[in-house]
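Let's take a walk through this fold, charged side chains included. Have the structure open and follow along.

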Amino acid sequence: MIISGMISVKAAIENQRRDIEKVWLVTGKGSRDTNYLKKICRTAGLKLIRIGPEEMKDQFGSGTGGVAAEVTQRRSDPFEKLLKQEVL
């Protein structure tokens, strides 16, 4: 499964509820978010692939925000664990 967008990709890495195969980032993107994404990819040992904007658009369509990741389905907590949680 492919997810895209800076917020979605960062959340997938930070929450560790999905296995992440690789992350694509458009070359030339330089921002605080981009630097943070590179750092958490490095820390998590994830493969970060830099590609050009046209290649990103060709592979993943428009609207990715310059970031995409190949991930597995989201893992949920077991039902029994959810039953034990206190309701506020």
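Aspartate 19 comes out as partly exposed, at 41% relative accessibility. Keep in mind that this is a predicted model. The partner of aspartate 19 is arginine 75: the two form a salt bridge, with the closest N and O atoms 3.2 Å apart. Arginine 75 is partly exposed too, at 38% relative accessibility. Look at where they sit: arginine 75 is in the loop between β4 and α4 (79-84), while aspartate 19 is in the loop between α1 and β2, so this pair ties together parts that are 56 residues apart in sequence.

By the rule used here, there are three salt bridges. Another one joins aspartate 33 and lysine 10, whose closest N and O atoms are 3.0 Å apart. That one links distant parts of the chain, with aspartate 33 in helix α2 (residues 32-44) and lysine 10 in helix α1, 23 residues apart. Is each end buried or exposed? Aspartate 33 is partly exposed, with a relative accessible area of 36%, whereas lysine 10 counts as buried at 15%.

Lysine 22 and glutamate 70 also meet through their side chains in a salt bridge, at 4.0 Å from N to O. Here strand β2 supplies lysine 22 and strand β4 supplies glutamate 70, 48 residues apart. Lysine 22 is partly exposed at 26% relative accessibility, and glutamate 70 is partly exposed at 27%.

Now go pair by pair. β1 and β4 run antiparallel over three bridges, with isoleucine 3 opposite alanine 69 in β4. β2 and β4 are antiparallel as well, over five bridges, and leucine 25 has valine 67 in β4 as its bridge partner. Strand β2 (residues 20-26) pairs with β3 in the parallel sense, over five bridges. In that pairing, lysine 22 turns up again, standing opposite lysine 47 in β3.

Definitions and conventions
Residues numbered from 1 in each chain as written. Predicted model: local features only at pLDDT ≥ 70, side-chain atom pairs only at ≥ 80, totals over all residues. Heavy atoms only, no water. Pairing = 2+ DSSP bridges. Helix = DSSP H or I, 4+ residues; strand = E, 2+ residues; numbered from the N terminus. Buried < 20%, exposed > 50% of the residue type's maximum accessible area, 1.4 Å probe, protein only.
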